[in-house]
Amino acid sequence: MPNSRRQFLHASVSAAVAGSAISCGAGNGASPWRFFTAEEGRTVDAICERIIPADRDPGAKEARAVNYIDLQLTRAFKRYRKAYREGIAAVDAASRKKFGGRFVELPAGQQTEVIADIEKSSAAFFELILAHTRQGFYGDPRHGGNRNRVSWKMIGVPFPPIRGREHYDQPKVG
Amino acid sequence: MALKHVNALIVGAGAGGGVVAKELATAGLSVVLLERGNWYSAADCRKDDLRNQRTTVLGNAFGPDEDRNPRVLVDDRGESIVWPSESGYSNNAACVGGGTFSYGAQAWRYMEKDFRMRATYGAVAGSTLEDWPIGYSDLEPYYEKAEWELGVSGDVSNNIFQGRRNQGLPMPPLSPNQEYQILLPAAKRLGWHPFDLPMLRNSAPYNGRAACMRCRWCVGFACEVNARTGTHNTVIPAAMATGNCEVRTGCMTREILLDDRGQASGVAYFDANDRLQRQTADLVIVSGGAVESARLLLNTRHRLFPNGLGNRYDWVGRNLHAHTYPAAVGLFDYDTYDDIGPGASIAICDFNHGNPGLAGGGMLANEFIRLPYQFMNQVPPWVPRWGRAHKDFVRDAYKRTVVIMGPVQEMPMFDARVEVDPKVKDYWGIPVARLSGRKHPHTLEIARFTAGKAETWLQEAGAVQTWRRIPGPSLSGGQHQAGTCRMGNDPKTSVVDRDCRLHDVDNVYVIDASVHVTNGGFNPVLTIFANAYRSAHRLLEAWKGSKVRS
């Protein structure tokens, strides 16, 4: 499990119970997202799709893993905002350096190469977005991902999730 | 206004505290049961695969509160603040019922040798391995009481390794799921002794609660039909029904109050509205779990106990351990998944003891149902972690794997410990627990051995491919946390006596897994229950003799 929320004590002892100081998508203008700028959202969407690509079944893009991540960055993942902002920038920087263009502009094969690099060069961010993509793809739709339960249909999990009972939370899709 | 004085104040409404509350209240003592968490119900199941007590990526469902309860972890990466949903925090739960509200509910008796580890295996270098001051026969009647009063299902008659018992279990096992039917003949062919897992889970209506409906939302979730048994739906309501027990939730205990002579006079706690309260009592019973119980004693300072209550010889907080869980996963060429919960159903105790060159072992059983996101942990190490190959594997293997795992009895380590941090404080300004230490290398050696047996079982059952998962050396804690207030006869090498009373002060008890000298190769809850019944019995004998009445 990613663990980047750990606060090492030399940084700040008294901040034990303080919240994050990173601001939420303020000034992101026409962004359709809560936290990401429109550009960041496109990049994260593309990264997620390379982590879990569409094949005969939908991938992370169709499952809206990016929506899960964006939504949680305003909730349980507030602590990861800085990591995302910096991690996305690092992915684009790596794309430019290797292939001379922004990540979203690259063909899938080149995107895969960039992510393979990022897995080593920005390991903490990679572990974070890997775990979050899996959650947004395989987790409960109520949290903003797994739209239309696409992953559950893929693996054949019986639905409704409890045999003979249906008073669970209805999915709240993004 | 001062709170009304009571006979007994219990800190923590989990496995230990719940049983003690019921026993004391039934005997006529006035009891206040303080719980820092909330009281949840069957309606709080929610079936949220990302936010529950087992998968905590979006938080713990049943406490403690994420933002108010930091701890400090010291490990290879240095010293850091960790939060309840993070690995390394060693969380159990914080709610009425404690861990028993959302656990898997395996109901194991420890074996006779589990109480005599030092006598059985001798000293293990680098470990504080020791015998309990009590034996299996001391606990046997209380194991039986726990099994019948709380309600256990299963059939352990084929467990030839268990200690003597006077009667079987009150409920038959749940009907076998498919994994059970695959694993049973394989274990028999290997010459092992498989049997139906004992569980604190109703297989038939019992004590006014329904039978298990076999859903997949079990470990980590509230039981929606109240078929799973914890202190929240048994002994705590029974304690309240006597009219002698008041449960106060949302109450965070700061310290035990001590008078001039060093006797406990009650506790100071923050109530649900964060007001500091003083509750006086004749007796204080600490049942906060191995981390929080040690923390409370260490946060209780007094002229006579400058290093913390009960800590005269520096044993409070020492020997923090739990269980190491090795596993083997088997891939089959047909669907093994049948969506019939809870999943875990069959066990063997052939490798708890008597393993050549090893100081112990552990029980093995099949794992509970893996929800889709949990399946990420079952993917073998040679499968790429992302991209098409990973997705292919998950799609192909999700319904075709069986997992066998089991709790390895750990070698306690003196330097695996709970301290109170000198700087970091929680929301209420109380110094937090500071965790440090690691597993003993021999524990990992035993884990590799039992993982091999798990793999053998899967291969014999027809798995086409198998792989092992061996845990790393980092500190064990979590739901099975134990050991930090060791029970013993010698005050210089233990914290409480055989009756779970502090050596230092005769009206303070610790009754939870903190007192476990060693933790068996089993889930610990039935032993916590049994020891709580036994300790409450001993406490009441002392009480009736007026030894502790103020």
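A residue is called buried when its relative accessible area is under 20%, exposed when it is over 50%, and partly exposed in between, using a 1.4 Å probe and protein chains only. Asn519(B) has 0% relative accessibility, so Asn519(B) counts as buried.

Some ground rules come next. This is a predicted model, in which local features need pLDDT of at least 70 and side-chain atom pairs count only at pLDDT 80 or more, while totals for chains, interfaces and linings use all residues. Residues are numbered from 1 along each chain as its sequence is written, chains are lettered from A and ligands numbered from 1 in the order in which they are written, and side-chain values use heavy atoms, leaving out hydrogens and water.

Back to Asn519(B). Asn519(B) sits in the loop between strand 20 (508-510) and helix 9 (525-544) of chain B. Helices (H or I, at least four residues) and strands (E, at least two) are DSSP runs, numbered from the N terminus. Contact means heavy atoms within 4.5 Å. Leaving aside residues up to four places away in sequence, Asn519(B) touches several residues, among them Tyr110(B), His321(B) and Pro524(B).

Now follow Tyr110(B). Rings of Phe, Tyr and Trp (its six-membered ring) pair if their centres lie within 6.5 Å; planes under 30 degrees apart count as stacked, over 60 as edge-to-face and the rest as tilted. The whole structure holds 29 aromatic pairs over all chains. For Tyr110(B) and Phe522(B), the ring centres are 6.4 Å apart and the planes are at 20°, so the pair is stacked. The two residues are 412 residues apart, and the pair links distant parts of the chain. Tyr110(B) is buried, because its relative accessible area is 1%. Phe522(B) is also buried, with a relative accessible area of 1%. Ring pairs join both of them to Trp108(B), Phe115(B), Trp132(B) and Phe195(B) in a cluster.

Finally, look at where the chains meet. Chain A gives 56 residues to the contact and chain B gives 51 residues. Which salt bridge involves Glu119(A)? Glu119(A) pairs with Arg385(B), and their closest N and O atoms are 3.4 Å apart. A salt bridge is a side-chain nitrogen of Lys or Arg within 4 Å of a carboxyl oxygen of Asp or Glu. The rule finds five salt bridges across the interface of chain A and chain B. Several elements of chain A give two or more residues to the side that touches chain B, including helix 1 (38-51) and helix 5 (108-121). Helix 6 of chain A gives the largest share of that side, eight residues.
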